Amino acid sequence: MKKILFKIGKFFDKYLGWHKCNKEEFDGVSYIGHCKYCGVRCLQDSQGNWFNPEEYRSK
Ligand SMILES: [Zn+2]
């Protein structure tokens, strides 16, 4: 079951950009962590969602 959830999580990560991170650092504005699915460095917004600033820049 855990494996399936991980696969689903990976799918959403890849196609929708739903990253899942642990809080590792706090830069004074937002939390910073690394995605457990794809390993990218993400920031947490005020709603608690993780996003990768690089993806936003490329859109
Ligand atoms: Zn990710």
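This is a predicted model: local features need pLDDT of at least 70, side-chain atom pairs count only at pLDDT 80 or more; totals for chains, interfaces and linings use all residues.
Good morning. Strands β2 and β3 pair in the antiparallel sense over 3 bridges; strands here are DSSP runs of E of at least two residues, helices are runs of H or I of at least four, and both are numbered from the N terminus. Two strands count as paired if DSSP finds at least two bridges between them. Residues are numbered from 1 along each chain as its sequence is written.

Let me stay with β2 and β3. Histidine 34 has arginine 41, in β3, as its bridge partner. The two strands form a hairpin with 6 residues between them, and glycine 39 in that turn has a positive phi of about 80 degrees.

On one side of this pair comes β1. Strand β2, residues 31-34, is joined to β1 by 2 bridges, and the two run antiparallel. Phenylalanine 26 has tyrosine 31, in β2, as its bridge partner. Here too there is a hairpin, with 4 residues between β1 and β2, and glycine 28 in the turn has a positive phi of about 100 degrees.

Then comes β4. Strand β3, residues 41-44, is joined to β4 by 2 bridges, again antiparallel. The partner of glutamine 44 is tryptophan 50 in β4.

What order do the strands take in the open sheet? The order of the 4 strands is β1-β2-β3-β4, with antiparallel pairing. The edge strands are β1 (25-26) and β4 (50-51), each of which pairs on one side only.

Let us turn to the helix α1. Its 15 residues, 2-16, should span 21 Å at 1.5 Å a residue, and its end C-alpha atoms are 20 Å apart, which agrees; the expected span is 1.5 Å times one less than the number of residues. The number of buried residues in α1 is 0, so the helix lies largely in the open. Buried means that 20 or more other C-beta atoms, placed from the backbone, lie within 10 Å of the residue's own. Just after α1, glycine 17 takes a positive phi of about 75 degrees.

Finally, the whole chain. It has 2 helices and 4 strands, in the pattern α-β-β-β-β-α along the sequence. Its C-alpha trace spans about 35 × 25 × 20 Å along the principal axes. Of its 59 residues, 8% are buried. Thank you.

Conventions: A residue is buried if 20 or more other C-beta atoms lie within 10 Å of its own, exposed if 12 or fewer, and partly exposed in between; C-beta atoms are placed from the backbone.
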